Amino acid sequence: MKIEQVNLYHVRMPLQSHFETSFGRITTRDCILLEVHSEGVVGYGECVADYDPGYASETSGTAWHILQEFMLPEILGKDIAQPGDIHACLHMIRGHQMAKAGLEMALWDVLGKMQGKSLRELLGGVRERVDVGVSVGIQDSISELLQAVTDYRAQGYGRIKMKIKPGRDVAEAQAVRKALPDVRLMVDANSAYTLETAEALKALDDLDLLMIEQPLYEDDLWDHSKLQAQLQTPICLDESILSPRHARQALEMKACGIINIKAGRVGGLSQAVGIHDVCRAQDVPVWCGGMLETGVGRASNLALASLPGFTLPGDISASVRYYQHDITAEVFELNADSTITVPDQPGLGVTIDFDVLDKVTLAKATFRT
Ligand code: OSB
Ligand code: MG
């Protein structure tokens with residue numbers, strides 16, 4: 001794949017409803033859409049860095065800067081055999097996983113279109129539909145939370161994740177468990193606790209939760225290990241795991257029992273598959289996390305989640321949960337069995353709706369050899 005031209009679109013999408021986590025509330029979602037031109041084929045990738053550095057240190061602004069100044073000059077004109085090979089070209093760029101992952105995703109789309117293979121086929125996925133759940137933000141009151149989760153349950157979601165933060169955790173989870181005794185339930189703290197404040201989380205052990213996601217700071221592997229020893233509920237790491245090495249170390253330390261894999265957070269699909277492989281070799285379950293992606297990133301997540309080790313439902317909800325008008329012509333719908341069907345067309349299997357893209361694009365730039 002000769003990389004001849006890359007177009008960047010800074011996109012800002014209005015969310016259907018606000019999304020609140022322990023690090024803040026958003027009403028719009030930023031991303032960068034990458035459009036790679038190679039030998040007559042055009043592929044798309046989504047860089048999932050948000051406008052603000054709340055979830056991770058990368059932002060749409062830093063990703064644009066790093067892509068423009070460092071990554072694209074390095075990659076333009078290169079002939080790449082496999083999408084994961086870009087990391088050898090970019091080895092002098094530390095961090096910036098989400099920027100790298102967006103570029104890698106576009107190359108997977110190009111490769112699939114050239115070879116007439118879906119991303120699922122290219123990655124070795126084994127399922128045609130994948131189990132999914134919905135991630136519910138922190139609500140203004142417990143009654144609004146109960147309304148939100150029962151609505152999602154009625155729509156067919158069999159797994160619900162609720163966002164928590166100190167002071168908005170145990171009572172909320174107890175209320176949801178009481179209202180939905182059979183739902184597969186879990187919580188996500190997005191690094192809002194310390195070992196001391198996490199004492200409160202021990203009460204969650206009575207609620208039959210699937211897992212507690214990322215209670216402590218992202219660089220606190222060791223403290224997660226101490227906390228896991230005090231909890232029955234498995235800890236799942238999200239923010240802490242940026243590479244297959246981190247995954248191995250976290251498992252060696254018993255810092256978690258489950259890993260959330262987001263291709264963006266770990267530098268791309270090839271590293272995501274690498275983490276999947278590390279976990280699968282040790283029978284550690286993984287699942288596909290989400291970053292409120294557009295249809296482009298959602299297609300990539302569905303393909304990733306079709307790999308055999310993804311045995312828990314992913315944060316991959318139907319398109320309408322996020323956006324009224326998505327930038328892809330394809331709309332992802334929830335099947336009656338709480339699954340979403342994995343695209344089977346070449347590459348990501350999605351087409352861009354340029355009328356919508358135009359309306360949500362804040363800035364566009366073209367880079368050529
Ligand atoms: O921590 O999993 C997270 C969204 C943005 C940033 C971080 C997270 C999330 C979600 C939403 O939980 C998952 C989704 O539905 O895309
Ligand atoms: Mg998370």
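The legends below describe close-up views of the cavities, the ligand and the pockets in a predicted model.

Residues are numbered from 1 along each chain as its sequence is written, chains are lettered from A, and ligands are numbered from 1 in the order in which they are written. In this predicted model, local features need pLDDT of at least 70, side-chain atom pairs count only at pLDDT 80 or more, and totals for chains, interfaces and linings use all residues, while side-chain values use heavy atoms, with hydrogens and water left out.

**View 1. The largest cavity and its lining.** A cavity is a set of points, on a 1 Å grid over the protein atoms alone, where a 1.4 Å probe fits but cannot get out, and its lining residues have an atom within 4 Å of a point. Grid points are joined across faces, edges and corners, and a volume is the space filled by probe spheres set on the points. Three cavities of 30 Å³ or more are found, and the largest holds about 330 Å³ of space. Its lining consists of 24 residues, with F19, F23, G290, M291 and L292 nearest the centre. Two or more lining residues come from each of β1 (5–21), β2 (24–38) and β6 (159–163); β2 contributes the most, with three. Helices (H or I, at least four residues) and strands (E, at least two) are DSSP runs, numbered from the N terminus. The lining comprises seven nonpolar, seven polar and 10 charged residues. In this classification, Ala, Val, Leu, Ile, Met, Phe, Trp, Tyr, Cys and Pro are nonpolar, Asp, Glu, Lys and Arg are charged, and the others, Gly among them, are polar.

**View 2. Ligand 1 in the largest cavity.** Ligand 1 takes up the space of the largest cavity, where sitting in a cavity requires more than half of the atoms of a molecule to lie within 2 Å of its grid points. Around ligand 1 there are 15 residues, of which S135, K163, N190, L292 and Y322 come nearest; a residue counts as near if one of its heavy atoms lies within 4 Å. The shell includes five nonpolar, three polar and seven charged residues.

View 3. A polar contact with the ligand is a pair of N or O atoms within 3.5 Å. For K161, a polar side-chain atom is 3.0 Å from a ligand oxygen atom, and a polar backbone atom of M291 is 3.3 Å from an oxygen atom of ligand 1. On its own, ligand 1 has 390 Å² of accessible area (Shrake-Rupley method, 1.4 Å probe), of which the protein covers 97%.

**View 4. The second largest cavity.** This cavity has a volume of about 100 Å³. Among its 15 lining residues, V48, M105, A263, G264 and N301 lie nearest the centre. Both α3 (97–115) and α10 (295–304) give two or more residues to the lining, and α10 gives the most, with three. By class, six lining residues are nonpolar, six polar and three charged.

**View 5. The largest pocket.** A pocket is an open set of grid points with protein on both sides within 12 Å along at least five of seven lines. The largest pocket contains about 340 Å³ of space. It is lined by 17 residues, and Y55, A56, S57, E218 and L242 lie nearest its centre.

Key: Polar contact = N/O pair within 3.5 Å; in protein donor to acceptor, adjacent residues only side chain to side chain.
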